[in-house]
Amino acid sequence: MNIAKYAIPAALAAIVGGSVLVFSPTAQAEQAAGVSIIGPGVLTRAARVDFQIIIPRFLRFRVGVANLVPNDLIEFAPTADQIGVGGALAGTGGDATGGAVTVEVRSNAGQINIVATNAGAAGINDGGFNVISYAEITTSPIGGVIPAPVLANAASAAAPVTLNSGLVTNQNAVWTYAYANTTIPEAGTYGGINTRNGRVTYTATSAP
């Protein structure tokens with residue numbers, strides 16, 4: 001008998017449970033290539049991970065206490081001997097005390113401008129017809145990065161905040177208020193917490 005006649009040089013066939021399994025060294029290597037590699041020497045495989053970070057366009061603005069609760073009350077109480085003699089008078093209150101407030105601007109939305117308005121578009125009144133002009137309240141910012149709008153009976157001119165770089169703003173400042181004391185008003189309590197037109201609203205607006 002010529003045994004070589006029955007040899008299978010390309011594959012080894014086996015019968016297991018009635019099935020024929022064919023083991024091919026070439027096919028096995030190709031299958032393994034998708035998971036790992038084998039062989040002598042240095043083996044190298046590459047694996048990739050993609051990352052994505054989504055940053056929203058935002059604007060954070062603070063004047064005085066954080067989160068707007070409660071609102072700051074800046075109070076001026078000149079004595080009888082001080083009234084109308086000139087010379088700015090310091091106030092009390094404010095989160096930074098002494099009539100001063102903390103100011104913060106954070107944004108990635110380009111140039112930020114701040115405007116000050118009051119609801120009555122007029123001066124501070126005593127509940128009647130007597131009025132003290134908002135021009136009597138001055139604001140002194142520390143540093144020039146967040147200029148303070150000049151208070152007025154009408155809306156103020158826009159005060160541009162200094163950009164840090166590109167479209168990003170990350171600035172802090174302190175605004176200190178004073179009473180100019182250039183007039184002699186009628187006796188009374190002018191303004192207050194959201195009363196007698198004593199509230200000023202600062203609005204920060206980003207570029208379009």
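Me: Which residues does glutamine 171 touch, not counting residues up to four places away in sequence?

Reply: In this predicted model, glutamine 171 touches Val103, Glu104, Val105, Arg106, Val145, Ile146, Val161, Thr162, Leu163 and Asn164. Glutamine 171 itself lies in strand β11, which covers residues 169-179.

Me: Why is glutamine 171 called buried?

Reply: The relative accessible area of glutamine 171 is 10%. Buried means under 20%, so glutamine 171 counts as buried.

Me: Why is isoleucine 37 called partly exposed?

Reply: Isoleucine 37 has a relative accessible area of 31%. A residue is buried under 20% and exposed over 50%, with partly exposed in between; therefore isoleucine 37 is classed as partly exposed. Its place is in the loop between α1 (25-33) and β3. Apart from neighbours within four places in sequence, isoleucine 37 is in contact with Leu43, Thr44 and Arg45.

Me: What makes the phi of asparagine 181 worth a remark?

Reply: Asparagine 181 has a positive phi of about 65° although it is not a glycine. Most residues other than glycine have a negative phi. The residue is found in the loop between β11 and β12.

Me: Is asparagine 181 counted as buried or exposed, and what value decides this?

Reply: Its relative accessibility is 0%. The limit for buried is under 20%, so asparagine 181 counts as buried.

Me: Why is asparagine 194 counted as exposed?

Reply: Asparagine 194 has 52% relative accessibility. Exposed means over 50%, and therefore asparagine 194 receives that label. This residue lies in the loop between β11 and β12. Asparagine 194 also has a positive phi, of about 55°, although it is not a glycine.

Me: How do you know that the side chains along strand β6 alternate?

Reply: Strand β6 comprises residues 113-118. Ile114, Ala116 and Asn118 point to one face and are buried.

Me: What makes β10 and β12 the edge strands of their sheet?

Reply: The sheet is open, and its 3 strands stand in the order β10-β6-β12 with antiparallel pairing. β10 and β12 are the edge strands, as each pairs on one side only. Strands of a sheet pair through backbone hydrogen bonds, either parallel or antiparallel.

Me: What makes up the lining of the largest cavity?

Reply: The lining consists of Ala116, Thr117, Asn118, Tyr134, Leu151, Ala152, Ala154, Ser156 and Val200. Its largest share, 3 residues, comes from β6. By class, the lining divides into 6 nonpolar, 3 polar and no charged residues. The volume of this cavity is about 40 Å³, and a search of the whole structure finds 1 cavity of 30 Å³ or more.

Me: Which residues are closest to the centre of the largest pocket?

Reply: The largest pocket has a volume of about 1200 Å³. Of the 38 residues that line the pocket, Leu73, Ile74, Ile137, Gly192 and Gly198 are the closest to its centre. The elements that give two or more residues to the lining are β3 (59-63), β11 and β12, and β12 gives the most, with 3 residues. The lining has 25 nonpolar, 9 polar and 4 charged residues.

Me: How many helices and strands does the protein have?

Reply: The protein has 1 helix and 12 strands. From the N terminus on, the elements run β-β-α-β-β-β-β-β-β-β-β-β-β. Of the 208 residues, 23% are buried.

Key. Residues are numbered from 1 along each chain as its sequence is written. This is a predicted model: local features need pLDDT of at least 70, side-chain atom pairs count only at pLDDT 80 or more; totals for chains, interfaces and linings use all residues. Side-chain values use heavy atoms; hydrogens and water are left out. Helices (H or I, at least four residues) and strands (E, at least two) are DSSP runs, numbered from the N terminus. Buried means under 20% relative accessible area, exposed over 50%, partly exposed in between (1.4 Å probe, protein chains only). Contact means heavy atoms within 4.5 Å. On a 1 Å grid over the protein atoms alone, a cavity is a set of points where a 1.4 Å probe fits but cannot get out, and a pocket is an open set with protein on both sides within 12 Å along at least five of seven lines; lining residues have an atom within 4 Å of a point. Grid points are joined across faces, edges and corners, and a volume is the space filled by probe spheres set on the points. Ala, Val, Leu, Ile, Met, Phe, Trp, Tyr, Cys and Pro count as nonpolar, Asp, Glu, Lys and Arg as charged, and the others, Gly among them, as polar. Two strands pair if DSSP finds at least two bridges between them.
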